[in-house]
Structure formats: structure tokens, C-alpha cells
Amino acid sequence: MTEMKFILSISFALFFIGAYGFLTRRNMITMLMAVELMLNAVNINFVVFNKYLFADKMDGLFFSIFITTIAAAEAAVAIAIIINLYRKFKSIDEDDIDTLRW
Amino acid sequence: MTKTKMNNYSYISFVLIIPLMVFLITGLFGKKLPALSGILGTVGMLIAACLSYFAAYNYFMVGGRVDGLYPTVIAFKQTWLQFSPSLTIDIGIMLDPISVMMLVVVTTVSFMVHLYSIGYMHGEERYSTYYAFLSLFSFSMLGLVISTNIFQMYMFWELVGVSSFLLVGFYYNKPSAVAAAKKAFIVTRFADLGFLAGILILSFYSESLDFQTIIHRMMDSNSPIFMNANAASFMGVSALTWALCLIFIGGAGKSAMFPLHIWLPDAMEGPTPVSALIHAATMVVAGVFLVARLFPVYMQIPAAHDLVMYVGAFSAFFAAVIACTQTDIKRVLAYSTMSQIGYMMFALGVSGYWGHGGLGFSASMFHLFTHAMFKALLFLGAGAVIHYVHSNEMGDMGGLRKKMPVTNAVFLIACLAISGVPPLSGFFSKEEILTAAFENNKIIYAVGLVTACLTAFYMFRLYLTIFWNKPFPLSEGGGHEVPGDVHHSEAPMTMKLPLLILAIATLVAGFIPFSMYVSADGTAFESEFHIIPALVAVTAGLIGIFTAVFLYAKKNDKPEMISAALGGLYRSAYRKFYVDELYLFITKKIIFNFISTPAAWIDKNVVDGMMNLIADVTGNLSESAKTLQSGKISSYVMWFFAAAIVLSMMIVYVF
């Protein structure tokens, strides 16, 4: 169990590093990277819980594989969006892109 | 009566459909063919009149009595709204003696007025609109009289009110006409509130809106429905009495009974043929017709029945006194109409129900019939005079008998008829009314007799002032030249012809043995001719006539002396006993100040204020809520995380 707690505290740290990065950075690429960090923290959680609590099942592992796949696709889409935003606003600074509001 | 024979009357619906079609055609397309609309309306009314005569002939002569009674024929009936299996609103056509008689009266007078208006309204800018309104009125009035159902009657009753409003306010650029139209509409509408309440009470207790069913259920004093309606009481008066009194208020409003009469004299602002049609012959007798229609129910409630009698008698006398002092010829005729309708009302009030006891009822219907003819004649004659002189004031007239021989003759006939001089129609009907009153209530009889005397007096005052008195034109002393004799002759043929036809009707209508056809319970009876009451009535009329001849045949100063001698009485009668002022005082000073002003304040400050408050709060809330959507992702994420943390805290520590 101490092993599990140890790994969980890594994923905890990873998640909040991602959150911190997402909140403090203004560069969209950096924010995307921060999101990936958070996703991976979740992945770690899945794997850890599967391994230590339900060792006879494979669900958690499958989830982590799915998330990795989707994260790759998502990154492609997000970068495409960012490129389009850059074309329109000549910037990828999140502060400059605030037209989606009332 | 067999089934096939009953269906024979379905052509009556054309009597209604034709005016409605004429209204639609002239109303929609009249502007393109202005000359045609008059002819179209007149021809349409002629056909309707012929159909009514045919129906009357069939009903009284061919169909005849069944078991000694004229049957009530439902020519057509269609359920329109069904509230419950027993309570429905139907649209239908009911024929019984009074509705057949009213069909004849309405179509005849309406046809005469249509014909007359071709000449009278010639060159009018809104000529086709006028005819459209006239047809609308005819349609509504015909619908009113053939109603099978009290609610159908109410709808047509309102339609009649609307068309009256439109026609009174026909000269809409004249402020007085607009005011008169509004007054007529508001006063009758106010009375109709009573009518509606009465209908609701009556139909609530009798569980039906159908005339026949109501009458059938209410006739039997021992039936549970009647007992229930009579037992339920409000403020010490039974529900049925309330219902009948409220319905009578509606009738009194339309029929210009005191104290709801104030609109009728002002309604004379409309074109004169309209006054002849609506405010003399047809619409104003709707109240009488309504009471006659529900007469068996009124018989059951003596209090409501007496109310009809006293209101009628008082109105008859009151209006006659005012008519003696008015100087506008149409206003004299208006008060005379009110007085004669009062006659019809109190005749209903003194009437019994069975057999000869129903003399008052027959007499009332008879007087309605003859009055429609001679009063329409008087109005149309007055219209011819106004057309000629271009003035309504008696002072501008005089000595017109040479200039207008036809009008003079027919006017004289009508005046003699209304004064009750034999053998003209008014004599017979008025004599029957007075006989009925004499047999039932001596006080009412006395009032009726005095009114008859006053009627003769003011009618001949009117007649003599117009056609005799002083020479025409009034070049000297009259103050201003009246250009009557310069540019036109008496009246075009289209105006003279209706006058002549109505004059003939006035001459012969009295010989119809009315009580053989129209009676309260449907049985026929001979109205015996009593020589003594007839002599008394005629004497009363003659006294009035001779007084008028003495005062007005030649221009002299006796009328002024008498009016000066009467002083306050004359002045208050001239001012119509200050009823208008009283109404103005009540509405302007009391209702406006103590009800309307506070109501307006509450509306402006409380009701509107509440709405404004709600709107302001919502606006402010949304104003602050919309700043949340800033378009900055980081702030959204901040909120998201904060909420997620709070929620997980709650899940962990609270639940």
C-alpha cells in the first residue's frame, strides 16, 4: 500500500503542476502541454488503482490506453485550432483571444 | 303541424342572409361603385321584405292555428357551442306571432329607409359606407327578433348596438355626433351589463338558454326548477326576480326608459333616416320585444312585472313633458318615441296572461306595430323638412305647407295617428292600451290619459310650427334668410314614395284585428270596442290638439307668456329635468374623482411600479451575470477548479 500511496502522490503532484501551468501560462501551446500533464496524472491513477485494488481486471489499463489515444487526437485538433487562432489574431496569447463572450 | 310543413319556413334565413351579403359587398367593394350600393341595398331589402310578407301570410293564413294556438315554429336550429349535454348555445330561427310581426315591421321600415336614403343621402361622401352600415343594422335587428335562444339574442343585441353606434357617429367629423355615438354606446352597453347578468342568473337556474325551454320550465310554479329559482334569494329578493329585473335593465337601456334614456335624444345627431329606422321603429323597441319574449316568466314574478309597468308609465309621462318644450324637431320626435315606448312597456306591465286578460300584451304589440309605421313616417317627414330647410330648429321653419304639400299631408296623418284620432292606426292601438290599463290599474290609466293629451299637444305644436305659424321664407324677423326655396323642390321621388307608402300603412294598419293574431298565451280573442274609454281617449287627444291649435296656429306671443308663467317648471323641462347634468355630475365629479383617479394612480404607481421593479431587478442581475462570460479561458478554469474543489469537499466532508 505504501507503494500505491507513493505513486498516487506522484500523480497528485503531476495533476496540480498541470493545473498550475494551465492557470498561470498565457501561451496556448504551454496551456496545451499543461492539459496533457493533467491527463497523464489521470492515466497514472487508472493504472495504479487497477493494479493495486483490482488486479484481476483489466478495465483501468484499457482506459489509460484509450485516454492516450484520444489525447493524441485531441492534441492534433487543439494545435489545429491554435493555428487557426493565430491566423486570425496574429497571436497565440490567451489574453488577446477573448471575443467568444457576450 | 307536420314536419314537412315546418320545414317550409327555412327560406326565412334568406331574410337574414341578404342584408348580411349586402353589408359585405357594399362594405368591401362599395367605394368602387358608389351609386350601385344604394340600389343594391334597397333591392336586397325589398326581397327580404317580400319574403317576410310571404312568411307572415303563410304563418297566419296558411299555417294557421293548431289547437287554437299559433304554434312556435323552429325553422332552423344549429348547435353552436355545447357546454354540457343540456346547456347549449344554438343559432336558430324561431317563428311565433311576435317574431313574425317584428320581421314584417323591421323589413318594411328598413326598406322604406333604404329607399328614402337614396334621395336623402345623395351626394354624400361615404354613401356606400352608409348603406353598408344600414344593411348591417338590418341584419342584426332581424337576427335579434328571430332568436331561438337568449344568448343568440344577446349577440344580435350587441350587434345592433354597434351598428347604431356606427350610424349615429356617421358624420364623424362633427364632434357632437361623435360624442352622441359614444354616449349611445356607453349607456346601452352599461345597461347590457345588467342584461348579461340577468341572462346568466336566469340560465343558471333554468339550466337552459333556450327561450322555449326557459318559459316552459318557469311557467310551472310547482316545478322544482321554479321553486329553486324563487327560493334562492339575494338581499331579500329572489334570484328569479333579480334575473328579470336585470334583464329589464338591459331592455330599458335599449328602449330608452327612464333613467337610461339620456342617449336617445343625442342619438338624433345621426342622419335622419337612421333615426327613423333605429331610434324610432326598430332598435328602441327591442326592449319591449325582450320583455314580450319573456313575458310568461315576467307573469310569474309580480315584482318584476310591476317594475316594467311603473318604469314604462313614468317614462311615458316624463318624456311627454320634456317633448312639449324642445325646439329641435328631431329631439321632439325622440322624446315622443321614448314616451310611446313607455306606453308599450306599461301596456305589458298591466297585462295578464290568459285569454282576454292578455289584452295589454296584444295592445302593446299592436302599438309597437302602428308606432313603427307612423313614427318612421314622422321621422322621414322631418327628414324631408330638414332636407328642405337645412335646419333642425323649429324657429327656422313655419308656413311650409304650401312649399311641401306631400310632406304636409303625410305629416298631418302621422300626427293625427299618434294623437289617437280615429280612424287612424294610433287610435286603435292606444285605445286598447288605455282599456287594458283601465281594467288593471287606475293610476296607470290616469298617467296614460294625461300622456295621451300631452302627446297630442306636442305633436301638433310640432306640426303647426313647421307647416303653419308664420309665412315662409322667414325674410323678416327670423333673423336670417333660409335659402330653402331657391334651389330645390320639395323632395325627390325616392323620398316621397316611402312617405306615401308609410302614410297608407298608417291609415289602414289600425283595422288589422291584432288580438286575433298576437296574444300573450297564443289564443285569439276579440278586443271588444268600448265606446266610453274610446271617447275619453279621443277627448284627451282632442284637448291636446286644440290647445296646440290655439297656441301655435298663428304666430303670437301666447306660448312665450305661458312658458314665462310656468317659469321654473318650463325651464327644467326644457333642460330635460337636468338628468344629463345629474349624470355628468355623477360621472365627472364622483366617479372620476373618487374612483377613476385613485384607480389611475394605483395603475401608474403600484401595478406599473411592480412591473418596473421586476424588470429592473432582472436587468441588473443579468448585467452582473454576463460579466462572468468574459471570454478568458483562465478565468473559466479558475471557476471550474474552485467549484470542483468545493464539490469534492462537500462529497468528502458533508455526505
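Visitor: Which residues of H24(B) are buried?

Guide: Before the answer, please note that this is a predicted model. The buried residues of H24(B) are B:Ala537, B:Ala540, B:Gly541, B:Gly544, B:Ile545, B:Ala548 and B:Tyr552. They lie on the same side of H24(B), because the arc they cover around the axis is only 125 degrees.

Visitor: Which exposed residues does the face of H24(B) turned away from its buried side carry?

Guide: That face carries B:Ile531, B:Ile532, B:Leu535 and B:Phe550.

Visitor: What covers the buried residues of H24(B)?

Guide: The cover includes four helices of chain B: H18 (405-419), H19 (425-440), H20 (442-467) and H25 (558-566).

Visitor: Let us turn to the nonpolar core. Which residues touch the most other members of the largest one?

Guide: The general idea is that, in soluble globular proteins, nonpolar side chains tend to be buried together. Here the largest nonpolar core has 214 residues, and B:Ala376 and B:Leu377 touch the most other members. Helix H17 of chain B, residues 359-389, gives the most to this core, with 20 residues. Another core, of five residues, lies apart from it and includes A:Phe22, A:Met28, A:Leu32 and A:Ala34.

Visitor: With which residues is B:Leu377 in contact, leaving aside its neighbours within four places in sequence?

Guide: B:Leu377 is in contact with B:Val410, B:Ala414, B:Leu499, B:Leu502, B:Ala503 and B:Thr506.

Visitor: Why does B:Asp96 count as buried?

Guide: B:Asp96 counts as buried because it has 20 C-beta neighbours inside 10 Å. As to its place, B:Asp96 lies in the loop between strand S2 (88-95) and helix H4 (97-120) of chain B. Not counting residues up to four places away in sequence, B:Asp96 touches B:Tyr70 and B:Thr72. Between B:Asp96 and B:Ala372 there are 19 Å in space, C-alpha to C-alpha, and the two are 276 residues apart in sequence.

Visitor: How is the chain as a whole to be described?

Guide: Chain B contains 28 helices and four strands, and its C-alpha trace spans about 110 × 65 × 55 Å along the principal axes. Of its 655 residues, 51% are buried. Among contacts in chain B between residues at least 6 apart in sequence, 79% join residues at least 24 apart.

Visitor: How many residues does each chain bring to the contact between them?

Guide: Ten residues come from chain B and nine residues from chain A. On the side of chain B that touches chain A, helix H28 (residues 633-654) gives the most, with five residues. By class, this side of chain B has four nonpolar, four polar and two charged residues.

Visitor: Finally, what scores accompany the model?

Guide: The model scores ipTM 0.81 and pTM 0.77. For chain B the average pLDDT is 83, and 95% of the residues score at least 70. Over residues 1-7 of chain B, pLDDT stays under 50, and the model has six contacts beyond four places in sequence for them. Over residues 475-487 of chain B, pLDDT also stays under 50, with 13 contacts beyond four places in sequence.

Terms used:
Residues are numbered from 1 along each chain as its sequence is written. Chains are lettered from A and ligands numbered from 1 in the order in which they are written. This is a predicted model: local features need pLDDT of at least 70, side-chain atom pairs count only at pLDDT 80 or more; totals for chains, interfaces and linings use all residues. A nonpolar core is a set of buried Ala, Val, Leu, Ile, Met, Phe, Trp, Tyr and Cys residues joined through C-beta atoms within 7 Å. A residue is buried if 20 or more other C-beta atoms lie within 10 Å of its own, exposed if 12 or fewer, and partly exposed in between; C-beta atoms are placed from the backbone. Helices (H or I, at least four residues) and strands (E, at least two) are DSSP runs, numbered from the N terminus. Two residues are in contact if their C-beta atoms, placed from the backbone, lie within 7 Å. Ala, Val, Leu, Ile, Met, Phe, Trp, Tyr, Cys and Pro count as nonpolar, Asp, Glu, Lys and Arg as charged, and the others, Gly among them, as polar. The arc is that of the directions from the helix axis to the C-beta atoms. pLDDT is the predictor's confidence in each residue, from 0 to 100.
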